[in-house]
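Let's take a friendly walk through this structure together. Keep the view open and turn it as you read.

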Amino acid sequence: MAIHKTAAEIAEIVKGELCGDCQVPLTGVSSLDEALPGDVSFFYNEKYRDQLLPSKASLVLVPQDFPDTPPAGRAWVRCASPSSSFTDVIKLFSPAPVAYPAGIHPSAVVDDKAEISATAHIGPGAVISAGAKVGEGSVIQANCFLGEYAVVGENCLLYPNVVVRERCQLGNRVILHPGVVIGSDGFGYESGPTGHKKIPQVGIVVLEDDVEIGSNSAVDRARFGRTVIGAGTKIDNLVQVGHNVHIASNGMIAGQAGISGSCHLGHFVTMAGQAGLAGHLKIGDGTIVMGQAGVTKDLPPQSVVFGTPAIDRLQYARQMALIKKIARLDEELKELKKSLNQ
């Protein structure tokens with residue numbers, strides 16, 4: 001059923017100030033450049049200012065101190081955080097979440113020694129091994145695999161084709177997107193003249209409460225002991241986390257990042273896309289590793305680094321500025337030599 005809201009209702013929901021005259025019913029959400037009449041959008045980044053006035057969005061959430069007035073027939077809502085408030089607006093127009101009934105699908109294979117909560121959902125083709133546990137309200141979707149003695153806590157959501165290997169442990173409210181592998185063997189070998197001898201990987205992976213991991217990411221089990229992803233940490237698609245890594249709470253790891261074995265990351269560490277850490281590093285609380293940076297040494301808390309090997313971003317900026325001057329300096333040197341020879 002279509003949802004209709006007025007501009008005044010949206011302003012009240014986001015606790016903002018309505019400015020302008022929007023009379024059309026609001027029926028959906030969109031970006032500034034793709035919006036149609038009846039859509040709600042948001043503006044918070046000056047990079048997109050040139051899209052604001054030409055946009056067809058009937059209502060736009062803007063920053064509290066935004067000075068401009070809206071064109072005729074459109075309206076702004078000035079609010080403290082347009083991006084965060086827009087999330088609340090999206091929920092208004094979103095379809096109801098899919099409901100997963102409790103029970104085990106007839107095509108699922110569940111070992112008699114597994115412990116499945118009566119309120120859990122086990123989807124078609126899922127395989128639950130002996131000794132595995134699934135807590136209350138958790139959803140295990142189609143073709144997932146839980147190895148022997150794997151533990152899934154309460155209200156977790158495992159999308160199709162997730163693998164949680166033997167003895168690995170998930171806390172409560174963990175979300176794993178399609179193709180995630182938890183507990184694959186760490187990349188451990190002893191190399192010699194006759195080849196590479198595999199080092200047994202006998203540890204486990206522990207995902208604490210409220211961890212979310214994106215599609216096709218892998219978290220390797222420890223050689224011994226535990227690989228730990230701390231509470232509230234969010235990991236993007238296509239991320240590799242090596243054996244015996246410890247990530248403290250509320251980390252943010254973006255797509256295609258790689259964390260080598262035995263690294264320890266503090267609380268609220270951010271790694272941007274394609275960033276990488278060499279092995280056995282300690283990364284302090286609140287550090288930001290910027291996109292494509294390659295970190296080769298320990299970093300103190302609150303570091304912000306860029307480049308390969310990664311250095312402080314201000315130092316990196318100064319070096320880049322000097323590099324840009326090299327061509328000009330070379331020409332000036334040639335001219336100076338020419339003058340001296342004459």
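Predicted model: local features only at pLDDT ≥ 70, side-chain atom pairs only at ≥ 80, totals over all residues.

A hairpin connects β20 to β21 through 2 residues. Strands here are DSSP runs of E with at least two residues, helices are runs of H or I with at least four, and both are numbered from the N terminus.

Residues are numbered from 1 along each chain as its sequence is written, and side-chain values use heavy atoms, leaving out hydrogens and water.

Now look for the open sheet of 9 strands, ordered β8-β11-β14-β17-β22-β25-β28-β31-β34, with parallel pairing. Its edges are β8 (115-116) and β34 (282-283), each of which pairs on one side only. Inside the sheet, β25 (residues 226-229) and β28 (residues 246-247) run parallel and are joined by 2 bridges, with Ile-229 opposite Ile-247.

Buried means under 20% relative accessible area, exposed means over 50%, and partly exposed lies in between, using a 1.4 Å probe and protein chains only. Leaving aside residues up to four places away in sequence, Leu-176 touches several others, among them Leu-157, Tyr-159, Leu-170 and Ile-213; a contact means heavy atoms within 4.5 Å.

Next come the rings: how many aromatic pairs does a search of the whole structure find? The search gives 6. Rings of Phe, Tyr and Trp (its six-membered ring) pair if their centres lie within 6.5 Å; planes under 30 degrees apart count as stacked, over 60 as edge-to-face and the rest as tilted. Phe-42 and Phe-86 are stacked, at 4.6 Å centre to centre with 25° between the planes. Because Phe-42 lies in strand β3 (residues 39-42) and Phe-86 in helix α3 (residues 82-93), this pair ties together parts 44 residues apart in sequence. Phe-42 is partly exposed at 23% relative accessible area, whereas Phe-86 is buried at 8%. The rings of Phe-66 and Trp-76 have centres 6.2 Å apart and planes at 75°, so this pair is edge-to-face. Both Phe-66 and Trp-76 are buried. Phe-42, Tyr-44 and Phe-86 form one aromatic cluster.

Finally, step back to the whole protein, with its 4 helices and 38 strands. Its radius of gyration is 26 Å, well over the 20 Å that the globule rule gives for 342 residues, so the protein is more spread out than a compact globule. That radius is taken over C-alpha atoms, and the rule is 2.2 Å times the number of residues to the power 0.38. The C-alpha atoms fill a box of roughly 80 × 75 × 30 Å along the principal axes.

Conventions. Pairing = 2+ DSSP bridges.
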